[in-house]
Structure formats: structure tokens, C-alpha cells
Amino acid sequence: MRSFLRVFLLGIVIIGLGYLGACFYTKDNTSQVSQAFNNYNILVKREPRYVKIDNKDAKDKDGYGNYTYKLKSYDEDGKEHPIEFMGMGKLKQGHYLKLDTKGSYVYSYKEVFKKDMPSDVYTKLNL
């Protein structure tokens with residue numbers, strides 16, 4: 001009985017460490033698996049991020065006019081995070097978007113103006 005308890009507790013510890021490692025690895029990873037993991041991960045909080053649209057790197061991967069954007073995003077504290085999301089059609093060059101994210105998973109986006117963003121984020125987006 002004691003050995004079973006040890007094996008059981010060791011298994012719990014290994015699973016817990018694996019889960020924490022996966023959380024750390026997928027936080028800023030933009031692959032589809034990482035985005036799906038972040039969507040259901042209870043340890044990742046939902047937060048807004050800001051991007052400036054750059055159409056030169058946008059790709060129409062599916063052929064239906066839905067462009068995929070790989071951009072640098074900034075959270076409200078001004079920390080940089082890579083982000084990948086699909087826009088419905090080609091988005092306007094140079095416009096600013098506020099993304100509703102959970103890790104690297106993007107729920108939605110909407111256009112914002114300079115007055116709606118933290119000033120240090122606006123400055124970083126225009127460097």
C-alpha cells in the first residue's frame with residue numbers, strides 16, 4: 001500500500017511539473033497547438049494586447065481572403081509578445097487593433113485609436 005501511494009504521488013508531481021512546463025512553453029508560442037492549449041489553460045489570464053497592422057507580412061493561406069498576421073503585440077504593461085491571428089479580409093494598413101487574448105489565443109479584435117491605448121504601448125508600436 002505504501003509503494004502504491006509513493007508511485008501515485010510521484011505520478012501527480014510529474015504530471016503537475018509537465019503541465020507547468022507546457023504552460024511556460026506555450027505562453028508566447030504562436031503554433032496552433034499552443035493557441036488551443038492556451039484557450040483552455042486555467043493558469044493563463046485573459047488580457048488585452050495591442051498591435052499595429054502591417055500588410056506586407058500578411059498571408060492569405062486558405063485562399064478565401066482571410067489573411068493571417070504574425071505581428072509583435074504589447075500588453076498594457078508594455079511587454080512585447082509575438083502573436084498570430086486571422087483577420088476577416090485584409091485589414092487596413094497602419095491601423096491599431098486591441099486584441100482580446102488568452103496567452104497566444106486571440107478571441108477577437110477591434111480597432112482602437114491613440115487615446116484608447118496606454119501611451120508607452122503607442123510609442124513602442126511606432127518605433
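User: What makes the charged end of Arg46 count as sitting over the ring of Tyr107?

Analyst: A charge sits over a ring if NZ of Lys or CZ of Arg is within 6 Å of the ring centre and within 35 degrees of the ring normal. The charged end of Arg46 is 3.6 Å from the centre of the Tyr107 ring, so the distance meets the 6 Å limit. The contact is listed as a charge over the ring, and that label also requires the angle limit.

User: What kind of model are these values computed from, and how are residues numbered?

Analyst: This is a predicted model, in which local features need pLDDT of at least 70 and side-chain atom pairs count only at pLDDT 80 or more, while totals for chains, interfaces and linings use all residues. Residues are numbered from 1 along each chain as its sequence is written, and side-chain values use heavy atoms, with hydrogens and water left out.

User: How many aromatic pairs are there in the whole structure, and why is the pair Tyr105 and Tyr107 called edge-to-face?

Analyst: The search finds 6 aromatic pairs. Tyr105 and Tyr107 form a pair with 4.9 Å centre to centre and 80 degrees between the planes. Rings of Phe, Tyr and Trp (its six-membered ring) pair if their centres lie within 6.5 Å; planes under 30 degrees apart count as stacked, over 60 as edge-to-face and the rest as tilted. The distance of 4.9 Å falls within the pairing limit and 80 degrees is over 60, so the pair is edge-to-face. Elsewhere, Tyr69, Phe85 and Tyr109 form one aromatic cluster.

User: Why are Tyr105 and Tyr107 called partly exposed?

Analyst: Buried means under 20% relative accessible area, exposed over 50%, and partly exposed in between (1.4 Å probe, protein chains only). Tyr105 has 26% and Tyr107 has 32%, so both values lie in the middle class. Across the 127 residues of the protein, 35% count as buried.

User: Where does Lys56 lie, and is Lys56 buried or exposed?

Analyst: Lys56 is in the loop between strand 1 (46–52) and strand 2 (66–75). Its relative accessible area is 67%, so Lys56 is exposed. In space, the C-alpha atoms of Lys56 and Gln93 are 8.9 Å apart, although 37 residues separate the two in sequence.

User: How many helices and strands are there, and what makes a run of residues count as one?

Analyst: Helices (H or I, at least four residues) and strands (E, at least two) are DSSP runs, numbered from the N terminus. By that rule the protein has 3 helices and 5 strands, in the order α-α-β-β-β-β-β-α.

User: Which class do Asn66 and Thr68 fall into, and how do you know?

Analyst: Both residues are in strand 2. Asn66 has 18% relative accessibility and therefore counts as buried; Thr68, at 8%, is buried as well. Contact means heavy atoms within 4.5 Å. Beyond four places in sequence, Asn66 touches residues including Lys59, Asp60, Met86 and Gly89. With the same exclusion, the contacts of Thr68 include Asp57, Ala58, Glu84 and Phe85.

User: What makes the largest nonpolar core a core, and which residues are in it?

Analyst: A nonpolar core is a set of buried Ala, Val, Leu, Ile, Met, Phe, Trp, Tyr and Cys residues joined through side-chain atoms within 4.5 Å. The largest has 12 members: Val51, Ile53, Ala58, Tyr67, Tyr69, Leu71, Ile83, Phe85, Leu91, Leu97, Leu99 and Val106. Two or more of these residues come from each of strand 2, strand 3 (80–88) and strand 4 (96–102), and strand 2 gives the most, with 3. A second, separate core has 7 residues, among them Tyr50, Tyr96, Met117 and Leu125. In soluble globular proteins, nonpolar side chains tend to be buried together.

User: Where is Tyr122, and why is Tyr122 called partly exposed?

Analyst: Tyr122 belongs to helix 3 (residues 119–125). Its relative accessible area is 23%, which means that Tyr122 is partly exposed. Leaving aside residues up to four places away in sequence, Tyr122 touches Tyr96, Lys114 and Met117.

User: How does the radius of gyration of the protein stand against that of a compact globule of 127 residues?

Analyst: The radius is taken over C-alpha atoms, and the globule rule is 2.2 Å times the number of residues to the power 0.38. For 127 residues the globule would be near 14 Å, but the protein has 19 Å. The C-alpha atoms fill a box of roughly 65 × 35 × 20 Å along the principal axes.
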